[in-house]
Amino acid sequence: MIAELGLALLWIAAALACLSLIAGALFLRAGPKDLASLVRPASVAQGVLTAVAFALLIALFVRSDMSVELVARNSNSLKPMIFKVAGAWGNHEGSMLLWLTILGLSGALVALFEKRLREDTLIATLTAQAALSLGFFAFLLFSSNPFNRLPVAPPDGQGLNPLLQDIGLAFHPPTLYVGYVGLSVAFSFAVGALVTREIGPAFARAMRPWVLGSWIFLTLGITAGSYWAYYELGWGGWWFWDPVENVSLIPWLAGAALLHSVAVTATRNALRAWTVMLAVIGFSMSMVGTFIVRSGLLTSVHSFAVDPERGTFLLVLMALYIGGALTLFAIRAGTVAEGKKFALVSREGSLVINNLLLTTILALVLLGTLYPIVAEAMGEKISVGPPYYNRVAGPLALILCLVMVAGPLLAWRKDDGRKLWSRLPPAIFAGAAVLFALVLFGGKIGILPLLGMSVAGVVAVASLAPLWNRNLRRTPLPTWGMVLAHFGVAVALAGMAAESAFIKERLVAAAPGETVRVADFAVRFDGVRPVAGPNYTALEGSLTATTPGGASFVLKPESRMFPGLMGTAPTETNEAALLTRPGGQLYAVLGQPVPGTNGTPDRYQLRLWWKPLVWWIWLGGGLIALGAALALIGRAQLLAIWRVRRARKAEERFAP
Amino acid sequence: MRLRLALALLLCAAAAPAAAQDRLPSAPYAYQQLQDPAKEAQAKALMETLRCLVCQGQSIADSDAPLAGDMRHEVRSKLAAGESPDAIREWLVARYGNWVSYDPPFDGATALLWLGPLAFLAIGGWLAFGRLRGAKDEEEGGAT
């Protein structure tokens, strides 16, 4: 019954999207005025119904209703509850429903709370959002119905890919999806503003919280995904330039460029056409990413279903939306004036360079991701990996960081650079100090990590410069946010560079009782014991790591074996053990047993790494997200609204 | 007694190859580092740029697949024998094609890949700064 109800709700929600689209379009073509009053409630209802349908899908997974095909294929009654819930979006159909839920809910939020835009622009925005929803509803209902029943219910389900059975799955996809789909609102705002020609500061200010919000989630999603890969894959890599990672990075880069250009449009009414263009690009890149991952062009843990029909469907949808938005842009671009002019040495000038570099990095990541696919279609098999990206994107990213140093210290419109020069020396000194220290004492370091750490030194000091000589209490929240986010970039950059420059690795086959040295640690291998998990068996190793200071810590890496359920193949995973210290992380993995002379295993493969400052990478990611969150709170004027409300309430209370 | 001993020996002999296969991995360097830290660093750098052919977008430096282990062994033993990293990469490319190397060569097929970003930056910069210069002229024009 639950499944049927869910499906019915989806159809009703799709009909409501259809209603919003038609009513909005008629209104915009100078139809009757009262049609506009339909669009808001229809958008809200559509969002709520889709969310309820998604909740029903989760309920099916919680109840392990194996008569539903999706549950039978992706769940198992023995699975821990958290993974039953998370399993609802750990598959193609469920994740598409999650996508639609977020799309619908963001439309509902715009309909409920957006008060700054002109009425017709808002209706055009909601209409665009409804058009997006409608396409994805069609995709879900016609080619990936999550509520499909099986004619005969199997006794139990096939379980979930063990790699996905991790607490990371509970958070990583929803976070990333909120980010991806949040950009759809910016896309709809851009389309709406193009339709009604209202492109200016009001439009930019309305769009800005959405860009910031989705970018926060993209940042968190990428950071969490990176940490997940780090400890789950068992080799300690935190970024692989894997196509699937790249397609999450591309919308992030577009979002970063957009939130800087939207600042220019909101504050100075300049770069208008470019901001609209970027808003279109942002969500387009989200769709391209979803298409690449879901169409089966790539095989990875993320491509749940390899199905050419779905791929074609997504491709058509994408062509329709991106093509439509770009056509609209081309028609209207002539009427969109570029806006206020500015000098090269100015805040706007530095943000233009920022946007140029960010879009170049975006383009090269996209190029590197698509190139092997296209080359293969043309009969040439090549791989594009870390060496390419490090060599091409690395220098650009470092230049971008240096521009980031200058931008906040320049005035809007025109600047003589005096403030910049007066505040630059401490930052340059910090960078030079790091560089000299590394050259003198660092040993042999690659050029990119060396420059990375020096630039991190410059950025760390310079990012704080906008706060100097300022009353900290009266500094606006968005300024704090900017400072924090830029400082976070320095922290992450230092972590990445230090990890790749100073990593220490030990691979050994050790017998119980043996001691292995890695970096400053003496690690004693105490032995292994079998343990049983809820749906796996495992071998748990016990390691005692002792620091030179005499402190000792116990690490328990596991090698897990998941049995094949209902005819699927058994899978092995490694659970790394991590010891976090102020200076970095000790990373231990228990590998294969090594049989001794009598045939029984007496030694085990151990993989040990000392990763200096590695956790700074994710700390930096967190700081960037936190900075953006502060800016969001400041920009959305939540505090101001709250204060006004409180004042009004207080007045009412004391009113006679 | 003698027969028994002979039988045992025979069994041992028969079991030995199988046991040896189990006990001594055919690729000892798959999970074992080179003694010389400089060579190991070279090996590590090279392995990180070689694709594990049976994995999902992983390098041979971070995969548990048996083929990745074999390839790590090849790389480390060739380096230990004194071959240069570039020669080893060439050897692997000759054997498996460019697919194996994450570092695409610069040739006709990849010219766009390497030069594309540069062209993008140049054209973008030209457009942006062309606009800025136009802006300046206009401002001066407006002042007079």
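**Helix pairs and chain contacts**

Reply: Helices α9(A) and α10(A) are roughly antiparallel to each other, because their axes cross at roughly 165 degrees. Please keep in mind throughout that this is a predicted model.

Me: Which residues do those two helices span, and what is the hand of the crossing?

Reply: Helix α9 of chain A covers residues 243-268 and helix α10 of chain A covers residues 272-294, with axes that come within 9 Å. The crossing of α9(A) and α10(A) is left-handed, and the residues of this contact divide into 16 nonpolar, eight polar and one charged.

Me: OK, moving on to α12(A) and α13(A), at what angle do they pack?

Reply: Helix α12 (residues 347-377) and helix α13 (residues 386-406), both of chain A, pack at about 165 degrees with their axes 10 Å apart. An angle over 145 degrees counts as roughly antiparallel, and α12(A) and α13(A) are therefore roughly antiparallel to each other. Their crossing is left-handed.

Me: And which residues meet there?

Reply: On the α12(A) side they include Ile353(A), Leu357(A), Ile361(A), Leu364(A) and Gly368(A), while on the α13(A) side they include Tyr389(A), Val392(A), Leu396(A), Leu400(A) and Val403(A). The contact of α12(A) with α13(A) divides into 16 nonpolar residues, four polar and no charged.

Me: What about α5(A) and α6(A), how do their axes lie?

Reply: The axes of α5(A), residues 92-113, and α6(A), residues 119-143, come within 10 Å and cross at roughly 165 degrees. That crossing angle makes α5(A) roughly antiparallel to α6(A), and α5(A) passes α6(A) in a left-handed crossing. Among the residues that make the contact are Trp99(A), Leu103(A), Gly104(A) and Gly107(A) of α5(A), together with Gln129(A), Ser133(A), Phe136(A) and Phe137(A) of α6(A). By type, the residues of this contact divide into 14 nonpolar, five polar and no charged.

Me: Switching to the nonpolar core, which residues touch the most other members?

Reply: In the largest nonpolar core, which has 205 residues, Ala186(A), Val459(A) and Leu493(A) touch the most other members. Leaving aside residues up to four places away in sequence, Val459(A) touches Cys401(A), Met404(A), Val405(A), His486(A), Val489(A), Ala490(A) and Leu493(A). There is also a second, separate core of 27 residues, which includes Ala510(A), Val518(A), Tyr587(A) and Tyr604(A).

Me: How many residues does each chain put into the contact between A and B?

Reply: The contact takes 35 residues from chain B and 40 residues from chain A. On the side of chain B that touches chain A, α1 (2-23) and α5 (111-143) of chain B each supply at least two residues.

Conventions
Residues numbered from 1 in each chain as written. Chains lettered and ligands numbered in written order. Predicted model: local features only at pLDDT ≥ 70, side-chain atom pairs only at ≥ 80, totals over all residues. Axes fitted to C-alpha atoms, helices over the stretch in contact; angles between N-to-C directions. Helix = DSSP H or I, 4+ residues; strand = E, 2+ residues; numbered from the N terminus. Parallel < 35°, antiparallel > 145°, perpendicular 65-115°, else oblique. Left-handed = near helix turned anticlockwise from the far one by under 90°. Nonpolar A, V, L, I, M, F, W, Y, C, P; charged D, E, K, R; others polar. Contact = placed C-beta atoms within 7 Å. Core = buried A, V, L, I, M, F, W, Y, C linked by C-beta atoms within 7 Å. Buried ≥ 20, exposed ≤ 12 C-beta atoms within 10 Å, placed from the backbone.
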